[in-house]
Amino acid sequence: MTAADARGVALVTGGSRGIGAATAIGLAEDGWDVGISYRTRADEAAQVVAKCEALGRRAVAVQADVAEAADIERLFETVGAELGPIGAVINNAGVVSPAARVDQYDVQRLERVFRINAIGAFLVAGAAVRRMSTAHGGAGGVIVNVSSRGAVLGSANEYVDYAASKAAVDTMTVGLANEVAKEGIRVLGIRPGLIETDIHEPGRLDRLGATPPLGRPGTAEEVAALIVFAASDRASYLTASMLDVAGGR
Ligand SMILES: NC(=O)c1ccc[n+]([C@@H]2O[C@H](COP(=O)([O-])OP(=O)(O)OC[C@H]3O[C@@H](n4cnc5c(N)ncnc54)[C@H](OP(=O)(O)O)[C@@H]3O)[C@@H](O)[C@H]2O)c1
């Protein structure tokens, strides 16, 4: 198969900006039709759709908050109806909170970050399995969970809550991969390090950008390249693995 051949339909949550946008475009380059979700930035989502279409693929953007189970179901139904059966799901949407120590967290902060990053990722993965698993009459597929090196490093003095929500995603990746391995679904985790996107508080990249062993932050495209590989048949013997893309961090 060449990159120009059709691969099927991929769904990317949080595809309007950053790593998700680069991944949607990378998947289109690799032959996938692409459905993306966004929370508020409709204009930026539309630009990503236009870039995927300019690559000769079909694409659609759907407003859907991954903190809301009903939104996730509507997202999957809309992408399936408009583009066809989904074969790859990139569980990418995620948030951080302002830097603070654990002794400063309140329950609202904790509920928001776990609701979006951990519960949202579980709900998206479940919706994917209900459609792709051969046990549910599906044709199989791939789930790629976007975690973080923070899950291992702990993100002290910044957002230990975020790091812990991503550790939950890592554990889900391994457990789910084993649940569905014989149902035609591979499940992989991607752990980016410090990547140049808008997720960072102003000044954080300037302060920390040179600290990874490779001496610079990564780009969204460098993470997307690994996600596109993970979703492809080129990664056919990979499942239940965490792939780090972190410049040595
Ligand atoms: N950048 C890094 O250094 C880094 C490092 C490790 C891991 N990661 C992980 O990589 C993933 C992408 O991060 P990024 O840096 O690309 O972030 P970003 O530039 O802030 O983009 C976040 C994306 O997620 C969407 N989103 C946010 N909350 C959402 C919600 N509740 N429901 C649906 N969509 C939502 C946003 O939609 P709108 O555009 O509509 O707001 C946007 O498309 C995240 O899971 C993040 O934790 C990032």
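Two residues are in contact if their C-beta atoms, placed from the backbone, lie within 7 Å. The model shown in these views is predicted.

**View A. Helix α2 lies across β2 and β3.** The helix spans residues 42-54. It runs at about 165° to β3.

**View B. Helix α3 lies across β1, β2, β3 and β4.** Residues 69-83 form this helix. Strand β1 covers 8-12, and β4 covers 86-91. The angle between α3 and β3 is about 160°.

**View C. Seven strands form an open sheet.** Their order is β3-β2-β1-β4-β5-β6-β7. The pairing is parallel. Strands β3 (59-63) and β7 (242-245) are the edges, each pairing on one side only. From one strand to the next, the twist averages 20°.

View D. I190 has L243 of β7 as its bridge partner.

**View E. The shell around the ligand holds 30 residues.** G14, G18, R41, G94 and T197 come nearest. Two elements give two or more residues to this shell: α1 (18-29) and β2 (32-38). Helix α1 supplies the largest share, three residues. By class, the shell has 12 nonpolar, 12 polar and six charged residues.

Terms used:
Residues numbered from 1 in each chain as written. Predicted model: local features only at pLDDT ≥ 70, side-chain atom pairs only at ≥ 80, totals over all residues. Near = placed C-beta within 6 Å. Helix = DSSP H or I, 4+ residues; strand = E, 2+ residues; numbered from the N terminus. Nonpolar A, V, L, I, M, F, W, Y, C, P; charged D, E, K, R; others polar. Pairing = 2+ DSSP bridges. Axes fitted to C-alpha atoms, helices over the stretch in contact; angles between N-to-C directions.
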